[in-house]
Amino acid sequence: MTVPTLRIATRQSPLALWQAEHVAARLRTAHPDLRVELVPMTTRGDQILDRSLATVGGKGLFLKELEVAMLEGHADLAVHSLKDVPAELEPGFALPAVLPRADAADAFVSNHHADLAALPHGARVGTSSLRRQAQLRAARPDLELLDLRGNVGTRLAKLDAGHYDAIVLACAGLERLGLGERIRSRLAAPDWLPAPGQAAIAIEARADRPAVLEHLAVLDDAETRLAVSAERAMNHALGGSCTVPVGAWCTVTERGLHLAGLVGDAASGRLLRAEAHAAQDHAEALGREVAAALFAQGAGRLLGH
């Protein structure tokens, strides 16, 4: 069965539009006879900028309007940063494709300081991510951690205006927008863990649209799918969302999978870590195993369970 046109629901931020255009280009290459259109939308997550995501409902705020558009027939798929996709999808939706992952590290961005260690005592660092805050607090308890919302350009403008001594963003987002030169240093595994699924682009569609799912599945990257499946399974077992500081990093080798997980406390900088190995066909079980090891160390108390 052919699908003459695929309509992509996307947020209107520059990064979201870049990702949607990237998916559109990949789809046109894979299906030369297919028309692909973008349906830009504004979500509640984009509208509420004066409070942290943790206090207003989590990253699912970035998805809801896009899912409604698909349910009402205004769009056929949505493109997301996978780290923004809740560990459990809304009923009736699927992720038929996860694209090859980019650089999953976080970026230390500053106009005057080369890296985290070079910041002066009491420096102001901007990030609204509790995961980043917990790891910053663990590394540098002296820092003043301040909320930072808005799209990438807005965040950089606030740094350039002098509101912060440094900010932490995602390397992948900066590089996709042609802003890689703003990265002063990388905060990377194994010492610093990214969000589950960070730097991977996910395509969401209705589960009851087999022809659409078939068109999208050709973009799925098997290795990235394995890695993020383990990370997301760990996050799901922990009950993770953006309201708790959870980090995960899975590597795929010929010998199998290795998953490192982290649960932190943004207030104290306490970090719990666990890791495990598994065969490639046990990605989700590996995620649950690492979650169980974190619970055994007391993660439930940090997560409010």
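**Close-up views of a predicted model**

View 1. Strand E1 (residues 5-11) pairs with E2 in the parallel sense over 7 bridges; two strands pair if DSSP finds at least two bridges between them. Helices (H or I, at least four residues) and strands (E, at least two) are DSSP runs, numbered from the N terminus. Look for Arg-11, which stands opposite Met-41 in E2. This is a predicted model, in which local features need pLDDT of at least 70, side-chain atom pairs count only at pLDDT 80 or more, and totals for chains, interfaces and linings use all residues. Residues are numbered from 1 along each chain as its sequence is written, and side-chain values use heavy atoms, with hydrogens and water left out.

View 2. Contact here means heavy atoms within 4.5 Å; axes are lines fitted to C-alpha atoms, for helices over the stretch in contact, and angles run from 0 to 180 degrees between N-to-C directions.

**View 3. The open sheet E7-E6-E8-E5-E9.** Here, too, you can follow 5 strands with mixed pairing, in the order E7-E6-E8-E5-E9. Strand E7 (144-146) and strand E9 (185-187) stand at the edges with a single partner strand each, so one side of each has no neighbour in the sheet. The twist from one strand to the next averages 30°. Strand E6 (residues 124-126) and E7 run parallel, joined by 3 bridges, and Gly-126 stands opposite Leu-146 in E7. Helix H5 (residues 130-139) packs on the sheet, touching E5, E6, E7 and strand E8 (166-170), with its direction at about 130° to that of E8. Helix H6 (residues 152-160) also packs on the sheet, touching E5 and E8; its direction makes about 165° with that of E8.

View 4. Asp-106 is found in strand E5 (residues 106-109). Asp-106 has a relative accessible area of 0%, so it counts as buried (buried means under 20% relative accessible area, exposed over 50%, partly exposed in between, with a 1.4 Å probe and protein chains only). The Asp-106 side chain makes a polar contact of 2.8 Å with that of Arg-132 and another of 2.8 Å with that of Trp-192. A polar contact is a pair of N or O atoms within 3.5 Å; within protein, one must be able to donate a hydrogen and the other to accept it, and residues adjacent in sequence count only if both atoms are side-chain atoms.

**View 5. Helix H10 and its buried residues.** The buried residues of H10 are Ala-283, Leu-286, Gly-287, Val-290, Ala-291 and Leu-294. They cover an arc of only 135° around the axis, which puts them on the same side of H10; the arc is that of the directions from the helix axis to the C-beta atoms. These buried residues pack against helix H9 (222-238), strand E12 (256-264), strand E13 (271-278) and helix H11 (299-303). Just after H10, Gly-298 takes a positive phi of about 105°.
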